[in-house]
Amino acid sequence: MYSEKVMDHFENPRNVGEIPDASGVGTVGNAKCGDIMRMYLKIEDGVIVDCKFKTFGCGAAIATSSMATEMIKGKTVEEAEKLTNAAVVEALDGLPPVKIHCSLLAEEAVKAALDDYHKKQQAQQNG
């Protein structure tokens, strides 16, 4: 049913927690399944130096959140903006069809945190 990578990221999730002085925070949820993801990004000089997540949801939701943080850590903002749910699924060696929406949530959480970062940057420039 689940790949070894999915099980590993579910049982040993990477980057769990919060970043108190995060550069960007994004929260997304899926009302249908009840999963909620919050992504925290610490960005310095356009590079994601740290990212953490908190996910309330199923094993696939936790695994996709964990994998997404691994995939964007150390990347530039521009690189992270190109993250797709398909790339997350591929990195996890696949997900059951009924769990693909979890990878969409992971992508949306990253994008929401990046949007928050951009809004904060605009506010600083206009402030």
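Good morning. The structure before you is a predicted model, and a search of the whole of it finds seven such salt bridges. I shall discuss three of them, and then turn to helix α2.

Let me begin with D8 and R14. Their side chains meet in a salt bridge, with 2.6 Å from N to O.

The next pair is K54 and E18, whose side chains form a salt bridge of 2.7 Å, N to O. This pair links distant parts of the chain: K54 belongs to strand β3, E18 to the loop between α1 and β1, and 36 residues separate them. K54 is partly exposed, at a relative accessible area of 40%. E18 is also partly exposed, and its value is 46%.

Where do D116 and K120 lie? Both are in helix α5, four residues apart, which is about one turn of the helix. K120 has a relative accessibility of 36%; since buried means under 20% and exposed over 50%, K120 counts as partly exposed.

I now come to helix α2, which runs over residues 59-72. Its 14 residues reach 20 Å from the first C-alpha to the last, close to the 20 Å expected at 1.5 Å a residue.

Why do I describe α2 as largely enclosed by the rest of the structure? The reason is that 11 of its 14 residues are buried. Within α2, the buried residues are A60, A61, I62, A63, T64, S65, S66, M67, A68, T69 and I72.

What covers these buried residues? The covering elements include the helices α1 (4-11), α3 (77-81), α4 (85-91) and α5 (100-126), together with the strands β2 (36-44) and β3 (47-56).

Finally, I would draw your attention to what follows α2. There we find G74, whose phi is positive, near 85°. Thank you; I would welcome your comments.

Methods:
Residues numbered from 1 in each chain as written. Predicted model: local features only at pLDDT ≥ 70, side-chain atom pairs only at ≥ 80, totals over all residues. Heavy atoms only, no water. Helix = DSSP H or I, 4+ residues; strand = E, 2+ residues; numbered from the N terminus. Expected span 1.5 Å × (residues − 1). Buried < 20%, exposed > 50% of the residue type's maximum accessible area, 1.4 Å probe, protein only. Contact = heavy atoms within 4.5 Å. Salt bridge = Lys/Arg side-chain N within 4 Å of Asp/Glu carboxyl O.
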